[in-house]
Amino acid sequence: MLVRFALRTSILVVFAAFGGIGFGLSLAALLWMSIIVSAIIGTIKRELPFDVVLNHWDETVAYAALFFLVSVFNHAVPV
C-alpha cells in the first residue's frame with residue numbers, strides 16, 4: 001500500500017504541475033478525486049476500514065489528510 005500510495009501521489013503531483021488552474025487547485029482537485037476512487041475501490045473489495053493490514057481505506061485517509069493540508073495552504077497564500 002505504501003508503494004502504491006507513493007506512486008499515485010507522485011503521478012498526481014506531476015499532473016497537477018501541468019494543470020491550467022494552478023498547482024494548488026489542481027492538486028486539491030486530483031486529491032479529492034483520489035479520495036473518492038479509493039473509497040469506492042475499498043467498498044467494492046469489501047475491505048474493512050480498521051483492518052490490521054493497510055488497505056484502500058487507509059489510503060483514503062492519507063489522501064484526505066493531504067487534501068486538507070493543501071486546502072489550508074491554498075487559502076493562506078493569496079496569488
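Is Phe 5 buried or exposed, and what is its relative accessible area? Phe 5 is buried, with a relative accessible area of 18%. Buried here means under 20% relative accessible area, exposed means over 50%, and partly exposed lies in between (1.4 Å probe, protein chains only).

This is a predicted model: local features need pLDDT of at least 70, side-chain atom pairs count only at pLDDT 80 or more, and totals for chains, interfaces and linings use all residues. Residues are numbered from 1 along each chain as its sequence is written, and side-chain values use heavy atoms, with hydrogens and water left out.

## Overall layout

The protein chain has three helices and zero strands. Helices (H or I, at least four residues) and strands (E, at least two) are DSSP runs, numbered from the N terminus. Along the sequence the pattern reads α-α-α. The C-alpha trace spans about 40 × 20 × 20 Å along its principal axes. The chain has 79 residues, and 30% of them count as buried.

## Helix H1

Helix H1 covers residues 2-17. Its 16 residues should span 22 Å at 1.5 Å a residue, and the end C-alpha atoms are 22 Å apart, which agrees. The expected span is 1.5 Å times one less than the number of residues.

Phe 5, Thr 9, Leu 12 and Ala 16 are buried in H1. They cover an arc of only 60° around the axis, which puts them on the same side of H1. The arc is taken over the directions from the helix axis to the C-beta atoms. An α-helix has 3.6 residues a turn, so residues three or four places apart point the same way. The face of H1 turned away from the buried side carries the exposed residues Val 3, Leu 7 and Phe 15.

A salt bridge is a side-chain nitrogen of Lys or Arg within 4 Å of a carboxyl oxygen of Asp or Glu. By this rule there are two.

| Pair | N to O distance |
|---|---|
| Arg 4 and Glu 59 | 2.9 Å |
| Glu 59 and Arg 8 | 3.0 Å |

Arg 4 lies in helix H1 and Glu 59 in helix H3 (residues 56-76), so their pair ties together parts that are 55 residues apart in sequence. Arg 8 also lies in helix H1, and its pair with Glu 59 ties together parts that are 51 residues apart.

Arg 4 is partly exposed at 28%. Arg 8 is partly exposed too, with a relative accessible area of 31%.

## Aromatic pairs

The structure holds three aromatic pairs. Rings of Phe, Tyr and Trp (its six-membered ring) pair if their centres lie within 6.5 Å; planes under 30 degrees apart count as stacked, over 60 as edge-to-face and the rest as tilted.

Phe 5 and Tyr 63 form a tilted pair, 5.0 Å centre to centre with 50° between the planes. This pair links distant parts of the chain: Phe 5 in helix H1 and Tyr 63 in helix H3, 58 residues apart. Tyr 63 is buried, with a relative accessible area of 1%.

The rings of Phe 67 and Phe 68 have their centres 5.4 Å apart and their planes at 70°, so the pair is edge-to-face. Phe 67 is buried, with a relative accessible area of 15%. Phe 68 is exposed, at 51%. Ring pairs link Trp 32, Phe 67 and Phe 68 into a cluster.

## Surface and loop

Trp 32 also belongs to a nonpolar surface patch, made with Ile 36, Ile 40 and Ile 44. Patches are made of residues with over 30% relative accessible area and no salt bridge; like charges are joined within 9 Å, and nonpolar side chains (Val, Leu, Ile, Met, Phe, Trp, Tyr) within 5 Å. Accessible areas come from the Shrake-Rupley method with a 1.4 Å probe, and for residues only the protein chains shown count as cover. Ile 44 sits in helix H2 (residues 23-44). Ile 44 counts as exposed, at 64% relative accessibility.

Phe 18 lies in the loop between H1 and H2. Phe 18 counts as exposed, at 70% relative accessibility. Phe 18 and Leu 66 are 48 residues apart in sequence, and their C-alpha atoms are 19 Å apart in space.
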